[in-house]
Amino acid sequence: MRVLAAMSGGVDSAVAAARAVDAGHDVTGVHLALSRNPQTFRTGARGCCTLEDSRDARRAADVIGIPFYVWDMAEQFHDDVVDDFVAEYAAGRTPNPCLRCNEKIKFAAVLDRAVALGFDAVVTGHHARLGADGLLRRSVDPAKDQSYVLAVLTRAQLDRAIFPLGDSTKARVRAEAAERGLAVAEKPDSHDICFIADGDTRGFLRERLGEAPGDIVDARTGATVGRHEGAYAYTIGQRKGLDLRVPAADGKPRYVLSITPVTNTVTVGPREALEVSVVTAARPIWHAGRGPIECDIQMRAHGEVVPGVVTVDGDTVTAQLRTPARGIAAGQALVAYRTDPAGDIVLGSATITGAGNG
């Protein structure tokens, strides 16, 4: 099979490409140039899309012995991921840019181009598994599992995806990279948001959305207890950086409970007020029945998993949680899993639109 290996410049994608060669595939490596100005993206342990990463990917391809190319996807990445990130925060939601990158870039734009060029599939270094039944499953390494950010993939996209690392721990991947003579064997994992060079998300948003001062209001008393420079800088469940000027009557910390862009208001309250038992979501990508489905539900990358019942009705997904969850933010993904002896199966995903109690 003729396959395209997406090579980020990290250890995972390098080993995934090498394993694809070992499996007998005709492999070509490609690095995605995603920044209009690569110097503005995070480098070293924080990056995944820089000039340094491109060079690391090329060296890995040379060691593996496969052709290597760089594809310029900067404009599409900016439109579909960066602009979307800013717009979502402006609307009071909390986006996941890595999930959007997988959906719009790696498994839409890249896959479409690959198929047009005659490739049969795209290989990536994601830690997830595709079973013989074609269903997406968690990695055997729960600490590195990336099925959550892949749950947005359609059936057609999964049919053209290969994830060679899902049956290995990260420690095993690094050891294998060293055995293969790949210089990236000990390269640190990428973290945070690649297109925010200094890690200052609030400053990044302020630069693009401008300062927009408003009130921080206590949910219990209705009193103004602080001021903010832009509601877009906050997310549900946030505790730090609130700069509240009036302490709570009980002396306990307060958390962001809601963000209202129309009134430019951030509402804060006690931790227990974050608890929700019903979550609604839209735009489902679903691979199982429409429900009600008893399943496990994850609502943040690397977040807790809670049991619940999910029902899909047209474009609306409703999750009744058996155990209340906290800090559920609109814009994040709701991903449903079914426990299976061969590994937890992704039933589907949808974008969270609201949460409450019912």
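**Figure 1. Overall dimensions of the predicted chain.** A compact globule of 358 residues would have a radius of gyration near 21 Å, and the chain agrees, with 21 Å (taken over C-alpha atoms; the globule rule is 2.2 Å times the number of residues to the power 0.38). The chain has eight helices and 17 strands, which are DSSP runs numbered from the N terminus (helices H or I, at least four residues; strands E, at least two). This is a predicted model, in which local features need pLDDT of at least 70 and side-chain atom pairs pLDDT 80 or more, while totals for chains, interfaces and linings use all residues. Residues are numbered from 1 along each chain as its sequence is written, and side-chain values use heavy atoms, without hydrogens and water.

**Figure 2. Salt bridge between Asp22 and Arg180.** The side chains meet at 2.4 Å, N to O; a salt bridge is a side-chain nitrogen of Lys or Arg within 4 Å of a carboxyl oxygen of Asp or Glu. The pair links distant parts of the chain, 158 residues apart: Asp22 lies in helix α1 (residues 11-22), and Arg180 in the loop between α7 (170-179) and α8 (201-209). Asp22 counts as exposed because its relative accessibility is 53%, whereas Arg180, at 30%, is partly exposed (buried: under 20% relative accessible area; exposed: over 50%; partly exposed: in between; 1.4 Å probe, protein chains only).

**Figure 3. Salt bridge between Arg138 and Asp145.** The closest N and O atoms are 2.8 Å apart. Arg138 is buried at 15% relative accessibility, and Asp145 is buried at 8%.

**Figure 4. A network of salt bridges.** Asp12, Lys144, Lys170, Arg174 and Asp189 are linked in this network.
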